[in-house]
Structure formats: C-alpha cells, structure tokens
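Biologist: Hi! Could you walk me through this one? I have a few quick things to ask.

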Amino acid sequence: MLLTLDLNDPRPLHEQVSGTIRRAIADGSYAPGDRLPPARDLADALGINANTVLRALRELRDEGLLEFRRGRGVSVLSRPDARVVLEEAARELLAEADRYGYGPEEVIHIIRELS
C-alpha cells in the first residue's frame, strides 16, 4: 500500500492516515481478512510517529473496519460504506477549494459543469 501525506493539508496527520487507509480498503487494495503492515513500518514509511499511526488505526477499528489481534497484527474486517468514503472525499475537496478561495456553492457549480 502506498500511503502519502500532504504536509500542506491542515487536517491532523492521524486523520490523513485513516482517510488514506479507508480509501485503500474501499478501492479493494485491501480486502476483508488482509493484514496491514505493522504500525511501526507504516510510520517509518511516512516519516511520522508510530503513535500517530496507531491513533488512525484505532479510529478505523472503532468504525468497524479493522480488527486488532494480539500476536497477529491488524486485519481488515469489512469495506467501508461508500457514503462514508464519499463524505470524506467531499470534505477534502471542500478544504482544498477553501484554500483556493472557492466556497461550497462554487464547488457545486464546477461539479455540475463536469457531469
């Protein structure tokens, strides 16, 4: 799994990590039953603290997407609800639009032009 973080993104790092993992599960990169790399490995690859990754993983566990098993690591339980994934993407889009000075109505107009 290729995880990337946007250091210009105002969201906390753990939210970026959980969003990236959530999307990887939603798009099929990880299927139910698959094991994720250890938190330390993910943290090293991203250049962040392992506690930040663990916080993101706990958030996904609380959503019912991941399962923690002592000695067996973290595995995927289920795919996220498509609406949840779309809401996350919409929040990211609105945050990005805000950085460029666009409001929600302008974003809606742009989306309508694309469809």
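Biologist: Which domains does the domain assignment give for the protein?

Modeller: Domain 1 covers 13–76 and domain 2 covers 82–114; such bounds come from an automatic or database domain assignment. Before we go on, this is a predicted model, where local features need pLDDT of at least 70 and side-chain atom pairs count only at pLDDT 80 or more, while totals for chains, interfaces and linings use all residues. Residues are numbered from 1 along each chain as its sequence is written, and side-chain values use heavy atoms, with hydrogens and water left out.

Biologist: Okay, what is the mean pLDDT of the protein?

Modeller: The mean is 89, and 98% of the residues reach 70 or more. pLDDT is the predictor's confidence in each residue, from 0 to 100.

Biologist: And where is confidence lowest, and where is it highest?

Modeller: Helix α4 (residues 82–99) has the lowest, at a mean of 86, and helix α3 (residues 50–62) the highest, at 95.

Biologist: How many helices and strands are there?

Modeller: There are 5 helices and 2 strands, in the order α-α-α-β-β-α-α from the N terminus. Helices (H or I, at least four residues) and strands (E, at least two) are DSSP runs, numbered from the N terminus. The C-alpha atoms fill a box of roughly 50 × 25 × 20 Å along the principal axes.

Biologist: Back to the domains. How many residues of domain 1 are in contact with domain 2?

Modeller: 4 residues of domain 1 touch 4 residues of domain 2, with contact meaning heavy atoms within 4.5 Å. The centres of the two domains, taken over C-alpha atoms, are 25 Å apart.

Biologist: What area is buried between domain 1 and domain 2?

Modeller: About 350 Å², with carbon and sulfur atoms giving 62% of it. In domain 1, R22, R23 and A26 lose the most area to domain 2, together 87% of what that side buries. Buried area here is the accessible area (1.4 Å probe) that two parts lose on being put together, summed over both.

Biologist: How many salt bridges cross the interface of domain 1 and domain 2?

Modeller: The rule finds 2 there, and the structure holds 12. A salt bridge is a side-chain nitrogen of Lys or Arg within 4 Å of a carboxyl oxygen of Asp or Glu.

Biologist: Changing topic, where does R11 lie?

Modeller: R11 is in the segment before α1 (13–26). Not counting residues up to four places away in sequence, R11 touches Q16, E88 and E92.

Biologist: Which side chain does R11 join in a polar contact?

Modeller: E88, at 2.9 Å. A polar contact is a pair of N or O atoms within 3.5 Å; within protein, one must be able to donate a hydrogen and the other to accept it, and residues adjacent in sequence count only if both atoms are side-chain atoms.

Biologist: Last one: what is T52 in contact with?

Modeller: Leaving aside neighbours within four places in sequence, T52 contacts L13 and H14. T52 lies in helix α3, and its C-alpha atom is 22 Å from that of E87, 35 residues away along the chain.
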